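Let's take a walk through this one, charge by charge. Have the viewer open and follow along.

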Amino acid sequence: MSGPYVIRGSVSLPEAELMWRFSRSSGPGGQHVNTSDSQVELRFDLANTEALPEVWKARALERLASRLVDGVVSVRSSEHRSQWRNRETAAVRLAALLAEATAPPPKPRRATRIPRGINERRLRDKKQRSDTKRGRSGRDWG
């Protein structure tokens with residue numbers, strides 16, 4: 001494995017808290033898939049972890065509530081033929097999922113007035129378009 005998987009800043013996934021499970025994959029590989037356990041399921045106990053700050057943990061538990069089973073988040077990977085690459089993919093996917101779930105909420109948008117020039121240009125373009133379309137009707141043709 002290629003070292004710690006950083007969630008954000010100095011916070012990373014602790015290797016000791018990751019639970020790995022391997023099984024036979026249904027993907028490509030011919031006869032090879034019948035003998036090797038290349039599918040990877042990575043589980044992380046989000047509810048009981050000490051690796052995340054409390055604020056992040058609460059935010060992640062709230063946002064990932066639909067994906068959690070008894071406080072545990074699970075990620076599965078089977079797109080590669082080798083177990084090692086599937087392990088890498090699953091760990092990166094879990095880190096990305098936790099990074100997104102622990103991100104601070106976006107700043108609320110401040111309402112601002114539309115500049116008069118922009119509004120006038122919009123109305124002028126609307127009027128011009130209206131005149132163009134009115135000119136297409138064949139009423140005036142003799």
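Before we start, one cut-off: a residue is called buried under 20% relative accessible area, exposed over 50%, and partly exposed in between. Also keep in mind that this is a predicted model.

With that in hand, look at R76, which comes out at 47% relative accessibility and so counts as partly exposed. R76 makes a salt bridge with E41, where the closest N and O atoms sit 3.4 Å apart. E41 is in strand β4 (residues 39-45) and R76 is in strand β5, so this pair ties together parts that are 35 residues apart in sequence. E41, for its part, counts as buried because its relative accessibility is 8%.

Over the whole structure, a search turns up seven salt bridges. For another part of that story, go to helix α3 (residues 116-134), where D131 and K127 are four residues apart, or about one helical turn. Their salt bridge has its closest N and O atoms 4.0 Å apart. D131 also forms a salt bridge with R134, this time at 3.3 Å between the closest N and O atoms. D131 and R134 are three residues apart in α3, again about one helical turn. D131 is partly exposed at 36% relative accessible area, and R134 is partly exposed at 47%.

Now for an arginine without such a partner. R59, in helix α1 (residues 54-63), is buried yet has no salt bridge, and the nearest side chain of opposite charge, E62, is 7.5 Å away. So what does the side chain of R59 reach? The backbone oxygen of A103, at 3.4 Å. Leaving aside neighbours within four places in sequence, R59 is in contact with A101, T102, A103, P104 and P105.

Rings come next. The structure holds zero aromatic pairs, but R87 lies over the face of W20, at 4.4 Å from the ring centre.

P14 is in the loop between β2 (11-13) and β3 (18-23), and, beyond its neighbours within four places in sequence, P14 is in contact with F44 and A51. Finally, most residues other than glycine have a negative phi. D70 has a positive phi of about 55 degrees although it is not a glycine. D70 is found in the loop between α1 and β5 (72-77), and D70 is exposed, with a relative accessible area of 77%.

How values were computed
Residues numbered from 1 in each chain as written. Predicted model: local features only at pLDDT ≥ 70, side-chain atom pairs only at ≥ 80, totals over all residues. Heavy atoms only, no water. Helix = DSSP H or I, 4+ residues; strand = E, 2+ residues; numbered from the N terminus. Buried < 20%, exposed > 50% of the residue type's maximum accessible area, 1.4 Å probe, protein only. Lys, Arg positive; Asp, Glu negative; His and termini not counted. Polar contact = N/O pair within 3.5 Å; in protein donor to acceptor, adjacent residues only side chain to side chain. Contact = heavy atoms within 4.5 Å. Phe/Tyr/Trp six-rings, centres within 6.5 Å; stacked < 30°, edge-to-face > 60°. Lys NZ or Arg CZ within 6 Å of the ring centre and 35° of its normal.
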